[in-house]
Amino acid sequence: MRASAPAPRLHHMVAMGSIRVLALLIVLVLGVGCQTMTKAQSDRAALTVEASSPVTTRAEPPDADALSPGSSPPPPEEFVAVARLADIHFDYDVHDIRPADLPILDENAVWLKANPNVLLLIEGHTDERGTSEYNLGLGDLRAAAAMSYFLAQGVPAGRMVAISYGKERPVCTDHHETCWAQNRRVHFLAKPL
């Protein structure tokens, strides 16, 4: 009889352990969801431009209906590179626009104003360091910074769509600072409206 007594107790302990693991997973999933919502809410702010220091910008992408009533942004595959739209680059782990890149953005804004029937895709990219989730968020902030700058230059929000690729689409795949600096960028593509 003694040999069969521990079996129910062991079964009960295994069941309780499974419940604890399940509860822990639920807490972790809910915690990640709450952090994401809090981060998205905290990323909303106004445009700040100072000529002598890096530009700090934060904005949310335009609403889907800003493009046209009832439409959603076209897929990125429909956009093409335009030689006149130059990339801008960022320092490590920041989304502030560097003063040296302001003339590039100004030239891009001039081109956008001269071509009013073009929809702009603003891609945010990062280098390979950091987690995928972190880099997607940083890419979002970089794309939003460029979008906010164009808004301040008079480019309508309905003509721009932002997307983050994080570290998933590097232009250089070596593992050193010179290569990483090339990957920390915002890239611009266009498509006719």
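**Notebook: strand β4 and the cores**

I began with strand β4, residues 160-166, and found that this strand is mostly covered, since five of its seven residues are buried. I keep in mind that I am looking at a predicted model.

Next I looked up the partner of β4, and I noted that strand β3, residues 118-125, pairs with β4 in the parallel sense over six bridges. Within this pairing, Leu 121 stands opposite Val 161 of β4. I then followed the chain between the two strands and recorded that β3, helix α3 (residues 132-152) and β4 make a right-handed β-α-β unit.

Stepping back to the whole protein, I counted four helices and five strands, which follow the pattern α-β-β-α-β-α-β-α-β when read along the sequence. Buried residues make up 32% of the 193 residues. Among contacts between residues at least 6 apart in sequence, I found that 75% join residues at least 24 apart.

Which residues touch the most other members of the largest nonpolar core? In this core of 24 residues, they are Ile 97, Leu 120, Ile 122, Phe 150 and Phe 188. I wrote down that α2 (102-114), β3, α3 and β5 (185-192) each supply at least two residues of this core, and that α3 gives the most, with six.

I looked up Phe 188 separately and, leaving aside its neighbours within four places in sequence, I listed its contacts, among them Leu 85, Ile 88, Leu 105, Leu 120, Ile 122, Ala 146 and Phe 150.

Finally, I noted a second, separate core of five residues, including Phe 79, Leu 119, Val 161 and Leu 189; Val 161 is the β4 residue that I had already met opposite Leu 121.

Technical notes: Residues are numbered from 1 along each chain as its sequence is written. This is a predicted model: local features need pLDDT of at least 70, side-chain atom pairs count only at pLDDT 80 or more; totals for chains, interfaces and linings use all residues. Side-chain values use heavy atoms; hydrogens and water are left out. Buried means under 20% relative accessible area, exposed over 50%, partly exposed in between (1.4 Å probe, protein chains only). Two strands pair if DSSP finds at least two bridges between them. A crossover is right-handed if, with the strands pointing away from the viewer, the path from the first strand over the helix to the second runs clockwise. Contact means heavy atoms within 4.5 Å. A nonpolar core is a set of buried Ala, Val, Leu, Ile, Met, Phe, Trp, Tyr and Cys residues joined through side-chain atoms within 4.5 Å.
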